[in-house]
Amino acid sequence: MRQAVVQRTTKETDISLTLCLDGGEINVSTGIGFFDHMITALAFYAGFGLELSALGDIHVDGHHTVEDVGIVLGQAFREAVGDKRGIRRYGVSYVPMDEALCRTVLDISNRPYLVFDAAMPQPMIGGYDSCLTVEFARAFAMNGGITLHQTCEYGENAHHITEALFKSLGLALKEAVQIVGDSVVSTKGAL
């Protein structure tokens, strides 16, 4: 089983996370309802097992909690994927949600980078600041060792755009972590 357990405690957040790339139960609690829904969707479409408990200073706002969940999920992902032997490495997914169409393209390269091009027409989605989606993506990519490109091709509703981004991220991760051989997919022989 490709899995990892990460605990991270700061003055702003206290996060416990167990990730299994090969499936399992999904239980997410961050105190931010919409974000719980997005992380649950990501794990579901990726085919991951995920137990996540985050206590954060959400009385201030959701920024620290969302970013730190991205950090911890990225750390757990990097640990669970290990030396990357046998994985497909690349993943691509388009997800439509009503009027919105979003794309995720990624490379589990050990060269973290984020390109994020998804304007949010509304600043809030319930109690979730829509600008936090890029903060999550950046923290996850940097800590997960992932080259991540996310784009909203078009859309008018921040809820639909954000949900399509998280679902397409899950689907692209599912493709990229598939075991397709027994060697590292790189002309260098290592990632």
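Biologist: Hi! What should I keep in mind about this model?

Modeller: It is predicted, so local features need pLDDT of at least 70 and side-chain atom pairs count only at pLDDT 80 or more, while totals for chains, interfaces and linings use all residues. Residues are numbered from 1 along each chain as its sequence is written, and side-chain values use heavy atoms, with hydrogens and water left out.

Biologist: Great. Which residues touch the most other members of the largest nonpolar core?

Modeller: Phe77, Phe136 and Leu173, out of 48 residues in that core. A nonpolar core here is a set of buried Ala, Val, Leu, Ile, Met, Phe, Trp, Tyr and Cys residues joined through side-chain atoms within 4.5 Å. Buried means under 20% relative accessible area, exposed over 50%, and partly exposed in between, with a 1.4 Å probe and protein chains only.

Biologist: And which elements supply at least two residues of this core?

Modeller: Strands S1 (3-9), S2 (13-20) and S4 (49-56), plus helices H1 (33-46), H2 (63-81), H3 (132-144) and H4 (158-176). The largest share, eight residues, comes from H2. Helices (H or I, at least four residues) and strands (E, at least two) are DSSP runs, numbered from the N terminus.

Biologist: What does Phe136 touch?

Modeller: Not counting residues up to four places away in sequence, Phe136 touches Phe35, Ile39, Leu42, Val66, Val69, Gly70, Leu73, Phe166 and Leu169. Contact means heavy atoms within 4.5 Å. There is also a second, separate core of nine residues, with Ala118, Cys152, Ile161 and Leu165 among them.

Biologist: Switching topic: how many cavities of 30 Å³ or more are there?

Modeller: The count is one, and the largest cavity has a volume of about 40 Å³. On a 1 Å grid over the protein atoms alone, a cavity is a set of points where a 1.4 Å probe fits but cannot get out, and lining residues have an atom within 4 Å of a point. Grid points are joined across faces, edges and corners, and the volume is the space filled by probe spheres set on the points.

Biologist: What lines the largest cavity?

Modeller: Thr133, Phe136, Ala137, Gln150, Leu165, Phe166 and Leu169. H3 and H4 are the elements that give two or more residues to this lining. The lining divides into five nonpolar, two polar and no charged residues; Ala, Val, Leu, Ile, Met, Phe, Trp, Tyr, Cys and Pro count as nonpolar, Asp, Glu, Lys and Arg as charged, and the others, Gly among them, as polar.

Biologist: Now salt bridges. How many?

Modeller: Eight, each being a side-chain nitrogen of Lys or Arg within 4 Å of a carboxyl oxygen of Asp or Glu. One of them pairs Arg2 with Asp22, the closest N and O atoms being 2.9 Å apart. That pair links distant parts of the chain, 20 residues apart: Arg2 is in the segment before S1, and Asp22 in the loop between S2 and strand S3 (26-29).

Biologist: Is Arg2 buried or exposed?

Modeller: Arg2 counts as buried because its relative accessibility is 18%, whereas Asp22, at 40%, counts as partly exposed.

Biologist: And what does Lys167 pair with?

Modeller: Lys167 meets Glu163 in a salt bridge (3.0 Å, N to O). They are four residues apart in helix H4, so about one helical turn separates them. Both Lys167 and Glu163 are buried. Elsewhere, salt bridges that share partners join Arg89, Asp107 and Arg111 into one network.

Biologist: Which residues is Lys167 in contact with, leaving aside neighbours within four places in sequence?

Modeller: Ala41, Tyr45, Val95 and Met97.

Conventions:
On a 1 Å grid over the protein atoms alone, a cavity is a set of points where a 1.4 Å probe fits but cannot get out, and a pocket is an open set with protein on both sides within 12 Å along at least five of seven lines; lining residues have an atom within 4 Å of a point.
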